[in-house]
Amino acid sequence: MTDRLDIEVADAAGAANAKADPPKRKVFTRTYGCQMNVYDSERMNDVLAPQGYSVTEDLADADLVILNTCHIREKAAEKVYSELGRIRKVKEERALAGKDMMVGVAGCVAQAEGEEISRRAPIVDMVFGPQSYHRLPKLLEEAASGKKVVETEFDIDAKFEHLSERAARPVQKRPPAAFLTVQEGCDKFCTFCVVPYTRGAEVSRSVAQIVAEAEQMAAGGVREITLLGQNVNGWHGEAPDGKTWGLGRLLRRLSEIDGLDRLRYTTSHPRDMDDELIDAHRDLKTLMPYLHLPVQSGSDKILAAMNRKHTRDEYFRLIDRIREASPDIAMSCDFIVGFPGETDQDFEDTMDLIRRVEYGSAFSFKYSQRPGTPGATMADQVPEEVKGARLAELQALVASQQTAFNASRLGMTCDVLFERKGRNPGQLVGKSPWLQPVPVDAPEALIGTIQAVEIVEIGSNSLFGRLVAGHHASNGSSHDAIKEAAFDA
Ligand code: SF4
């Protein structure tokens, strides 16, 4: 059998045309925001490799700088402009040394700001939205001829077509855990969110495209895939049988791929958790016991104002069904505090919901007004000091639940997928089935393998473990006592 680690890194474009190698150049990419941006940055690097680009961590060494931006946080555009100010200085220093530097702004801020970026920051050569990454070589060519490139069209189908071409390339060595985008955009229009405006309407890749890419990733050494989408459980793709599949059916198909031991998906909307998907949590050993299912608020009034289109009771019933299917699942969530009109009672409803659900982890934010969203112009905006106090209270509750969840893992033996070297010499870091990082003293040769690990200590986010000698690793946790853990939706 072929040793995955020895698979040669090959490049389709290079193989396809036997021209002279392109000049060697360096690209520096700074990625902001969610995992989908991480995935997109990796894809941009893939597209640039045949053009002679390799990745550098040193900004001063870069012939090309790409800021892959996120519009989710407050003042996102201002942060990009201030970063561009720093890059301008480096670009000027390189120019004094006779070296060129091309600057591109990608991602959701690029999509939202468009030409305004080139106007305010003349050092920027290219502004391009998330649907244009496959066209990077062409955009670079245009920019090199002195043209200011602005490309913010919503041609998501073309992007996905290109991504499927990537799947047909020779196998490349990949990290043990990787992302795979199956869906982009969102039609839900929550009143606080910019995604439907920056990423456009929901589009799903086909089953054939996703399976081909997943098979190629597995052949390159990926053992865990996290399916990505802004509203990933709203995915509904064209299948080889002529039908339209939902995410549960897709997960079943992916779990048949040789060498692919773990599957996850994020981020989901409660309204799109159907029975088939819940059953997949019960039936598939490859589907890890972790689910990020944002509810945002525990108040029916605020849920309605957010246009979430479900109630707190419906959410509770959903959690019950999920836990019935997968009793040991780690539930994760997003909360927004201080949405316009949120009273003390509304906030207390959210705290009550958290107490009842008991999360393994959660992300929480103060509401901030995003220009262009309905929430930004709603009456009864909540004062900053009230939002701050509520956020602190909520985070303290979530932290105590996270600690309790982690403490319940103490003494268990669970499977850990080792992904990289740790901070300390002789240490590796892997992931538990519930998504916590697990530092373990272990030889480097175990990177990319799944090993049985006993949890001997807990941290606020991490589980510390030791290898269990002679214990055969399975796909889930293997403790006797176990009956069995931003983006947007
Ligand atoms: S919060 Fe999620 S579901 Fe709502 S509009 Fe944004 S991406 Fe869509």
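This is a predicted model: local features need pLDDT of at least 70, side-chain atom pairs count only at pLDDT 80 or more; totals for chains, interfaces and linings use all residues.

Author: Residues are numbered from 1 along each chain as its sequence is written.

Reader: What percentage of the residues of the protein chain count as buried?

Author: A residue is buried if 20 or more other C-beta atoms, placed from the backbone, lie within 10 Å of its own, exposed if 12 or fewer, and partly exposed in between. The chain has 15 helices and 21 strands (DSSP runs numbered from the N terminus, helices being H or I of at least four residues and strands E of at least two). Of its 489 residues, the share that counts as buried is 43%.

Reader: Which residues of strand S13 are buried on each of its faces?

Author: In a regular strand the side chains alternate between the two faces of the sheet. Strand S13 spans residues 262-266, and five of its five residues are buried. One side carries Arg-262, Arg-264 and Thr-266, and the other carries Leu-263 and Tyr-265.

Reader: Which residue in S13 is the bridge partner of Thr-226?

Author: Two strands pair if DSSP finds at least two bridges between them. Strand S10 (residues 224-228) runs parallel to S13 and is joined to it by five bridges. Within this pairing, the partner of Thr-226 is Arg-264.

Reader: In what order do the three strands of the open sheet stand?

Author: Strand S15 (residues 330-337) is joined by six bridges to strand S16 (residues 361-366), and the two run parallel. Three bridges join S14 to S15, again in parallel. The order in the open sheet is therefore S14-S15-S16.

Reader: Which are the edge strands?

Author: The three strands form an open sheet with parallel pairing. An edge strand here pairs on one side only, which applies to strand S14 (290-292) and S16.

Reader: What handedness has the β-α-β unit that S15, helix H14 and S16 make?

Author: A crossover is right-handed if, with the strands pointing away from the viewer, the path from the first strand over the helix to the second runs clockwise. Helix H14 covers residues 344-357, and the unit it makes with S15 and S16 is right-handed.

Reader: How many other C-beta atoms lie within 10 Å of Cys-108?

Author: Cys-108 lies in helix H4 (residues 107-113). Cys-70 and His-71 are among the residues it touches (contact means C-beta atoms, placed from the backbone, within 7 Å). Cys-108 counts as buried because the number of such atoms is 26.

Reader: Which residues does Cys-190 touch, not counting residues up to four places away in sequence?

Author: The unreviewed UniProt entry also lists Cys-190 for "binding site", together with Cys-186 and Cys-193. Cys-190 is placed in the loop between strand S8 (183-184) and helix H8 (195-198), and it is buried, with 23 other C-beta atoms within 10 Å. The residues that Cys-190 touches are Met-306, Asn-307 and Arg-308.

Terms used: Two residues are in contact if their C-beta atoms, placed from the backbone, lie within 7 Å. UniProt positions are given in the numbering used here, feature names are shortened, and annotations may be inferred rather than shown by experiment.
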